[in-house]
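I opened my notebook beside the model today and jotted down what I looked up, in the order I got to it. Follow along on your own screen if you like.

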Amino acid sequence: MTVSDTCPLVQAFLDPTTETWSYVVYDRNGGSAAVIDAVLDFDQASGRTSTKGAKNIVAFVREKQLTVEWVLETHAHADHLSAAPYIREQLGGKIAIGDHIREVQGIFRDVFNLEKEFLVDGSQFDHLFAEEETFRIGDLEGRVIYVPGHTPADMAWLIGDALFVGDTLFLPDVGSARCDFPGGDARKLYRSVQKLLALPEDTRMFMCHDYPPNGSRDHQCETTVAEQKRNNIHLHEGVSEDAFVKMRSERDATLGMPRLIIPSIQVNIRAGQMPPAEDNGTVYLKVPIDTL
C-alpha cells in the first residue's frame with residue numbers, strides 16, 4: 001500500500017459568494033484526480049452565468065498534469081449552481097452523484113412542473129453511485145457512504161483518509177445542515193452523522209460549506225472526526241437523537257430559503273445542465289409562487 005492509498009492530496013477552492021468549498025483530490029502530481037462540488041458563478045439579478053471560479057480548478061488540474069476521472073456531486077445543491085458540465089468539457093471525467101437523486105428529481109419535477117421530457121431516472125448523470133459502492137481514482141480507492149437527512153440523496157465520499165461530507169456536517173462551531181427542504185429529515189440526518197463519526201478519529205473531514213459565526217474567523221474547510229465528536233455544537237458525543245431532532249426542527253423553522261435555491265435546484269437535478277431553450281432560443285428558469 002502506498003502513501004497515496006491512504007492519504008490523498010487535497011486542494012480546496014472557496015467560492016466566497018456562496019461560501020462553498022470545492023475540491024480536487026488526487027493521488028500524485030501527474031496522476032489521477034476527482035473534482036468535487038464545483039461551483040458555477042451565477043448573478044441572480046441579471047441571470048448571467050460565469051465560469052470564473054471553475055477556471056481556477058481547471059488551471060490547477062492542468063498545472064499538476066492530472067487526469068480527471070470523476071466529477072462528483074455530494075448532492076443536488078440548493079445554494080449554488082453546479083459547474084460539473086464545464087469541468088467535464090475542459091478536463092474529462094464522469095459526472096456522478098448518488099442513486100437517490102431520482103427521488104429528488106421526482107420531488108422537484110412536480111414543484112417546478114418541469115417539461116414532460118424531463119426524466120426522473122438519473123440519466124442526466126454519467127454514473128449513479130449506490131451505497132457502499134467503491135471506485136478508483138488512480139492509486140486511490142473511494143467508498144460511497146449514503147447520508148440522507150439534508151436531502152434524500154446526500155452521499156459522502158471517503159477517499160483514503162479524506163472524507164468529503166457534503167452538507168451533513170459543518171465545522172464544529174457551526175454544527176449541522178438544515179433538514180427542512182422537501183424530502184429532508186432530521187432524524188435521518190442524525191443517524192447519517194453517526195455513521196460518519198464511527199470512522200477512525202484521525203479521518204480528515206472536508207466541509208462543503210463554512211459559515212464563520214459572526215465573522216469570528218477566516219473560512220476553513222477541514223476538521224477531523226475526533227474534533228467533531230468532541231466539539232460539534234449540534235452533534236457532539238452525548239447528544240441524543242430526540243434532542244437533536246428537537247433542536248434542528250426548531251432552528252429550521254427560523255431559517256429563510258437559500259438565496260439561490262430556485263435556480264440551483266432546477267439546474268443541479270439536471271447534472272448542471274440548463275433547461276432546454278424555448279422557441280425563441282432563450283433558456284428560462286421558473287419561479288414557483290407561494291410553494292417553497
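**Entry 1: Thr151 and its contacts.** I set aside the neighbours within four places in sequence and asked what Thr151 still touches. It is in contact with His75 and Gly183. A reminder to myself: this is a predicted model, so I read each contact as a feature of the prediction.

Where does Thr151 lie? I found it in the loop between E11 and E12.

Then I looked at the side chain itself. The side chains of Thr151 and Asp154 are joined by a polar contact of 2.4 Å.

**Entry 2: the sheet.** From the loop I moved on to the strands. I traced an open sheet of six strands, and reading across it the order is E10-E11-E12-E13-E14-E15. The pairing is mixed. Which strands sit at the edges? They are E10 (134-137) and E15 (222-224), each of which pairs on one side only. I also noted the twist, which averages 30° from one strand to the next.

E13 (residues 162-164) and E14 (residues 204-206) run in the parallel sense, and three bridges pair them. On this pair I looked up Leu163 and found that its bridge partner in E14 is Met205.

**Entry 3: the helix across the sheet.** Which strands does helix H5 lie across? I wrote down E11 (140-146), E12 (155-159), E13 and E14 for this helix, which covers residues 186-197. H5 runs at about 155° to E11.

**Entry 4: the whole chain.** Last, I zoomed out. The chain has eight helices and 15 strands. Its radius of gyration is 18 Å, close to the 19 Å from the globule rule for 292 residues, so the chain is as compact as a globular protein of that length. The C-alpha trace spans about 55 × 50 × 35 Å along its principal axes.

How much of the chain is buried? I noted 53% of the 292 residues. The accessible surface comes to about 12800 Å², and carbon and sulfur atoms hold 48% of that. I also checked the contacts with a separation of 6 or more: 67% of them link residues 24 or more positions apart.

Note on methods. Residues numbered from 1 in each chain as written. Predicted model: local features only at pLDDT ≥ 70, side-chain atom pairs only at ≥ 80, totals over all residues. Heavy atoms only, no water. Pairing = 2+ DSSP bridges. Helix = DSSP H or I, 4+ residues; strand = E, 2+ residues; numbered from the N terminus. Axes fitted to C-alpha atoms, helices over the stretch in contact; angles between N-to-C directions. Contact = heavy atoms within 4.5 Å. Polar contact = N/O pair within 3.5 Å; in protein donor to acceptor, adjacent residues only side chain to side chain. Rg over C-alpha atoms; globule rule 2.2 N^0.38 Å. Buried < 20%, exposed > 50% of the residue type's maximum accessible area, 1.4 Å probe, protein only. Areas by Shrake-Rupley, 256 points an atom, 1.4 Å probe, with all protein chains shown as cover.
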